[in-house]
Amino acid sequence: MNENIPTVTLSQAKSIIQSLAHEQSVLLLSAPGVGKSDIVNQAAGEIHLPCRSLLGTQIAPEDVSGIPRIVGERSVFCPPRILLPEEPEPFCLFLDELPACSPDIQKAFYSLLLERRLGEHLLPKGTWVVAAGNRAEDRSLVRSLSAALVNRVIILNVRVDVKEWLVWANKAGVRKEIMAYITFVNDALMRPIPATPAPFSTPRAWVRLSQSLQLAEASGILTPEIFKALVFGSVSPEDAAMFGVFLDAKIKTVRPWHEYLLNVSQIPKDTTQRWLVFHQIRNGVARGLEGVSITPEKVNLFLRSLSQEERASILLGLVGAWGKIGADDSILQTLKDITGIE
């Protein structure tokens, strides 16, 4: 996603939908597996508004405009029941995979998105119109949105928020070891889409893995081999491998990465656990110190407390990032001593 484009979290998107969707059409855009469909259903369910969905890739223009019939000497278009129920009660109309619609389907939605109208029929007052889909860069089945359609909706680019997801996951009963791993490796919640078709980590993938492990465990078939097959068949290979190591290491207390910089004694002594903590710190430093308060003195005290080999591994490829959070130039000597690079 273009970093210059403002984004919202799922909970923010839900609030916007509940506030505006009865008058303004809203389009949610994000990578696959973020939870757009679920948040629309949650938004409607919280105020007891029925939610009816249309899948953009599985409809024809007449599914929107309706089928004509002769009434007297005129033709009258009869909208489908899902778009215009017989009872004039408000509902949430969810247009899923809108960017995947053909140009004819997109055109059929114009009056619906702007005027809440199907031919000569108006949607019941108070009805929401919400759409969702993936972005062009997501290598999904996406067509270009026409300028006319874009000008009829409010586009919200949705991002994943780890803290927000963990709160939801706890309520939803996601397995504790998955939540612990995501807490430990924040980036694992949403990985980039691979260039070739292969499993990759998303909120949806982790939830599906949790459910799969639950079912296998309940059936008494969750052997180490099946566990490995389910994990590698659900999430990115790097996370599948590290998730197994994480469980084997039996890390009981998961701390935010920056706490280890403030108190190096909290880093485990076990080699595997120690490696996982260093990996967590590297990911945190790569992201920067947004929302985290650490003085340069603490940063340099932490780095100097490590062995030469540990310091080299934690600095490798991230010297610039460490410099931004306060590490002094003397730490470069470690890499020079180990690698011989001047």
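## Notebook: pockets, sheet and helix contacts

I began with the largest pocket, and I noted that α7 (162-172), α8, α12 (257-262) and α13 (271-287) each supply at least two residues of its lining. I keep in mind throughout that this is a predicted model. Which helix gives the most to this lining? I found that α13 does, with four residues. I recorded a volume of about 1,600 Å³ for the largest pocket, and I counted 40 lining residues, of which V160, D161, V162, D187 and R287 lie nearest the centre. Sorted by class, the lining of the largest pocket comprises 17 nonpolar, eleven polar and twelve charged residues.

I then turned to the second largest pocket, for which I wrote down a volume of about 730 Å³. Its lining is made up of 33 residues, and those nearest its centre are V34, G35, K36, S37 and D38. Two or more residues of this lining come from each of α1 (10-20), α2 (36-46), β8 (128-133), α7 and α9 (203-218). I sorted the lining of the second largest pocket by class as well, and the residues divide into 14 nonpolar, nine polar and ten charged.

As β8 had come up in that lining, I looked up the sheet next. Five strands form an open sheet with parallel pairing, and I read their order as β2-β5-β8-β1-β9. Which strands stand at the edges? They are β2 (51-55) and β9 (154-157), and each has a single partner strand, so one side of each is left without a neighbour in the sheet. I also noted that neighbouring strands of this sheet are turned by 20° against each other on average, with direction ignored.

My next entries concern α8, which I examined against two other helices. How do α7 and α8 cross? Their axes come within 11 Å and cross at roughly 170°; as angles over 145 degrees count as roughly antiparallel, that makes α7 roughly antiparallel to α8. On the α7 side I listed V162, W165, L166, A169 and N170, and on the α8 side K176, I178, M179, I182 and T183. The residues of this contact of α7 with α8 divide into seven nonpolar, two polar and one charged.

From α8, the residues E177, I178, A180, Y181 and F184 meet D239, M242, F243, F246 and L247 of α11. I classed the residues of the contact of α8 with α11 as eight nonpolar, no polar and two charged.

Key: Residues are numbered from 1 along each chain as its sequence is written. This is a predicted model: local features need pLDDT of at least 70, side-chain atom pairs count only at pLDDT 80 or more; totals for chains, interfaces and linings use all residues. Side-chain values use heavy atoms; hydrogens and water are left out. Contact means heavy atoms within 4.5 Å. Ala, Val, Leu, Ile, Met, Phe, Trp, Tyr, Cys and Pro count as nonpolar, Asp, Glu, Lys and Arg as charged, and the others, Gly among them, as polar. On a 1 Å grid over the protein atoms alone, a cavity is a set of points where a 1.4 Å probe fits but cannot get out, and a pocket is an open set with protein on both sides within 12 Å along at least five of seven lines; lining residues have an atom within 4 Å of a point. Grid points are joined across faces, edges and corners, and a volume is the space filled by probe spheres set on the points. Two strands pair if DSSP finds at least two bridges between them. Axes are lines fitted to C-alpha atoms, for helices over the stretch in contact, and angles run from 0 to 180 degrees between N-to-C directions. Angles under 35 degrees count as roughly parallel, over 145 as roughly antiparallel, 65 to 115 as roughly perpendicular and the rest as oblique.
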